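Here's a quick tour of a protein and what it holds. Have the viewer open as you read.

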Amino acid sequence: MPYIAVLTSGGDSPGMNAAVTAIARSAALLNMPLLGVDRGFNGLLGKSPKTDFMELNLEKALDIADLPGTQLRTARCVEFKDKAVQARAAKLLRDMDVAGLIVIGGDGSFQGARALCEQGIPCIGIPGTIDNDLAYTEMTLGFDTAVNVCVDAVRSIRATSRSHDRPHVVEVMGRHCGDIALMTAASTGAEIVIAPEAKRWTVDEIAHRLQSQIDRGNYRSTIVVAEGSWEMMAPFDVYKFLKPYGKEVFEGEPMTAYRFASVLKRKTTMPDGSFPEVRHTVIGYTQRGAQPTARDATFAFESGVLAVNLLQHGVSNRVIGMKHGKVYHEDIEKALKARRPFNRSLYNTINGL
Ligand code: ADP
Ligand code: F6P
């Protein structure tokens, strides 16, 4: 009986381990031997096949479901974009007697999976990414957990902001997709949200919004910024602005949450003429390395089982997703082409209140 294999790729996301456990349980039930690939597509480069592939029996995979991170490890493997490298990986998989591969990752990883399909390796994708940036599916694995981590953090931050009358800048993850920021802002009552899809935004426009909150008697606004939004900011010379205030800043330094809080502080005033005490928090990897919520763990479970069943029935070139609340599978090409419109109405509602 040939093997099936599984790898996790790109940024780790809560629920990846739960999906691997479900894959191992299904494979065991169907008597399909399973291999785990170490560190995403890196494990397919043929550098050390003896350690890059490990037998994944129930003993190894049964108890990892609740664990955060990915036990198989993950990586960003730039070489894998190269066609010759993809062809070598396909040959290696054939030599290892692997008849099907499950790729758990985001859109980049799905492109890798599609390339392997083109090289004749049947692949199934599971959307493992906290960003929720895959348009064909209503949810990606890890998004719900990441949002809940952010919501917990912002609730605590707002309690302290309220106690001290201090506005607060909170940076959440999201490279091209502001869904984590939007949902966090909406569910915590944050007054301002900045998302990469909003395109060009200016420091002055945010300072103006913060000032208008202060003028209405709200001295403790929360400004939620998606990580990818800094690149969308209209040029602003942080050095030129902050240096006269004696801040330690060097020429050409980019905007960060810390500096943004510092700039906003000096662009706004409290009713007594003083600067507000604007503070900042970067939530960072606590979003990625969290234990999956029940919603993510359930999606992981269903996706893992479906992925194995598809391979067993000779179905390939598919990615798993959620549609009308049900787990389903979609053509990989079609899934990669899907473009989801930005929820501008929610964005405007949050910023407009
Ligand atoms: P994600 O899967 O979370 O979107 P990345 O964009 O970093 O994360 O992609 C993960 C990995 O997928 C990359 O490091 C690379 O190995 C592989 N990959 C990305 N883009 C391609 C591509 N165009 N062709 C083949 N492999 C790709
Ligand atoms: O794709 C997931 C993600 O966490 C993005 O939200 C973020 O911009 C990016 O990965 C950061 O990746 P890393 O810290 O691994 O370089």
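Below are some notes on a ligand site and on salt bridges.

## Ground rules

The model is predicted, so to speak: local features need pLDDT of at least 70, side-chain atom pairs count only at pLDDT 80 or more, and totals for chains, interfaces and linings use all residues. Residues are numbered from 1 along each chain as its sequence is written, chains are lettered from A and ligands numbered from 1 in the order in which they are written, and side-chain values use heavy atoms, leaving out hydrogens and water.

Around ligand 2 you'll find Arg76, Ile130, Asp131, Met173, Gly174, Arg175, Glu227, Tyr285 and Arg288, counting a residue if one of its heavy atoms lies within 4 Å. Sorted by class, that shell has five charged, three nonpolar and one polar residue; Tyr counts as nonpolar and Gly as polar here.

## Polar contacts

Which side chains put a polar atom 2.5 Å from an oxygen atom of ligand 2? Glutamate 227 does, and so does tyrosine 285. For arginine 288 the distance to a ligand 2 oxygen is 2.7 Å. (A polar contact is a pair of N or O atoms within 3.5 Å.) On its own, ligand 2 has 400 Å² of accessible area, and the protein covers 78% of that (Shrake-Rupley method, 1.4 Å probe).

## Salt bridges

The whole structure has 15 salt bridges, each a side-chain nitrogen of Lys or Arg within 4 Å of a carboxyl oxygen of Asp or Glu. One of them joins glutamate 118 and lysine 83, at 4.0 Å from N to O. These partners are 35 residues apart, with glutamate 118 in helix 5 (residues 107–118) and lysine 83 in helix 4 (residues 83–95); helices are DSSP runs of H or I with at least four residues, numbered from the N terminus.

Terms used:
Polar contact = N/O pair within 3.5 Å; in protein donor to acceptor, adjacent residues only side chain to side chain. Helix = DSSP H or I, 4+ residues; strand = E, 2+ residues; numbered from the N terminus.
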